[in-house]
Amino acid sequence: MNGVPQQVHEDHFRPKFFQPHLQIFQIPEACPCSVAKPLENSFALFFAAPDAAIASVHTAMKALLGEMMLPRFVAPSGERRSINLHQSIALLDPKYAHLKDVILAIKWLADDGSQDEGVSVSIDDVMDAYELTEKILEEVYAPKLPTTLMPMTP
C-alpha cells in the first residue's frame, strides 16, 4: 500500500509418504505379480526416494523380459553367465521389437540414478519412466486395438 511493499509468507509443502501408497498408474489386471510387485514398491517410494523408485521400475522391466521367456543365461565358452538387461532387450521377440527403444529409455533413466555419482533422479525422470512403463504394459498385457508405440520425439 502507498508504494510500500508488503511481505507475504506462503508455506509450500511437498508430500514425502502416503499410506497406502498412491497408484500412480493403473497396472493391467493380466500383468504378472513378478512385474506388478516391483511397480507397487516403486509407487510407495516415489515421493520419498525417487532413485529407489526408478530402481524398482528397472527391476520390473527385468521381470517383464523374464516373463517373455527370454534366456537369462548364456554359455558362449562353456561358462554360464547371466544376461544383463541391455542384452535381454536385444533378444526381444520380433513381435515386440518396437518396444526395444522404449525399454532402453527406462533402463537409461534407471542407470542414471544408480551408477552416476552425484546424479540424482528427479520426480520428472520417474514420471517419464512410469509413462513409458504404462504404455509397455498396456501393449503387452491389455492390448485394445492393433497399435504400436509411436517413436518418441524430443
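The following legends describe close-up views of a predicted model.

**Figure 1. Overall arrangement of the chain.** The chain contains five helices and two strands. Read from the N terminus, these elements follow the order α-α-β-β-α-α-α. Of the 154 residues, 34% count as buried. The accessible surface of the chain amounts to about 10300 Å², and carbon and sulfur atoms contribute 55% of that area. Among contacts in the chain with a separation of 6 or more, 57% are formed by residues 24 or more positions apart.

**Figure 2. The largest nonpolar core and Leu39.** This core comprises 38 residues, and Leu39, Ile136 and Leu137 are those with the most contacts inside it. At least two residues of the core come from each of helix H1 (33–45), H2, helix H3 (85–90), helix H4 (100–115) and helix H5 (123–141). Leaving aside residues up to four places away in sequence, Leu39 touches Phe25, Ile27, Val57, Ala60, Thr133 and Leu137. One of these partners, Leu137, is itself among the core residues with the most contacts.

**Figure 3. Packing of helices H1 and H2.** The axes of H1 and H2 lie 8 Å apart and form an angle of about 170°. Angles over 145 degrees count as roughly antiparallel, and the two helices H1 and H2 are therefore roughly antiparallel to each other. On the H1 side, the contact is made by Ser34, Val35, Pro38, Leu39, Asn41, Ser42 and Leu45. The residues they meet in H2 are Pro50, Ala52, Ala53, Ile54, Ser56, Val57, Thr59, Ala60, Ala63, Leu64 and Glu67. Sorted by class, the residues of this contact are twelve nonpolar, five polar and one charged. Leu39 of H1 touches both Val57 and Ala60, which belong to the H2 side of the contact.

Figure 4. His58 is located in helix H2, which spans residues 50–67. The relative accessibility of His58 is 17%, so this residue counts as buried, the limit being under 20%. Apart from residues up to four places away in sequence, His58 touches Leu85, Lys107, Ala110 and Asp111.

Figure 5. Met127 is part of helix H5. With a relative accessible area of 35%, Met127 is partly exposed. Beyond its neighbours within four places in sequence, Met127 contacts Ile24 and Phe46. Met127 and Pro50 are 77 residues apart along the chain, and 9.6 Å separates their C-alpha atoms.

How values were computed:
Residues numbered from 1 in each chain as written. Predicted model: local features only at pLDDT ≥ 70, side-chain atom pairs only at ≥ 80, totals over all residues. Heavy atoms only, no water. Helix = DSSP H or I, 4+ residues; strand = E, 2+ residues; numbered from the N terminus. Buried < 20%, exposed > 50% of the residue type's maximum accessible area, 1.4 Å probe, protein only. Contact = heavy atoms within 4.5 Å. Core = buried A, V, L, I, M, F, W, Y, C linked by side-chain atoms within 4.5 Å. Axes fitted to C-alpha atoms, helices over the stretch in contact; angles between N-to-C directions. Parallel < 35°, antiparallel > 145°, perpendicular 65-115°, else oblique. Nonpolar A, V, L, I, M, F, W, Y, C, P; charged D, E, K, R; others polar. Areas by Shrake-Rupley, 256 points an atom, 1.4 Å probe, with all protein chains shown as cover.
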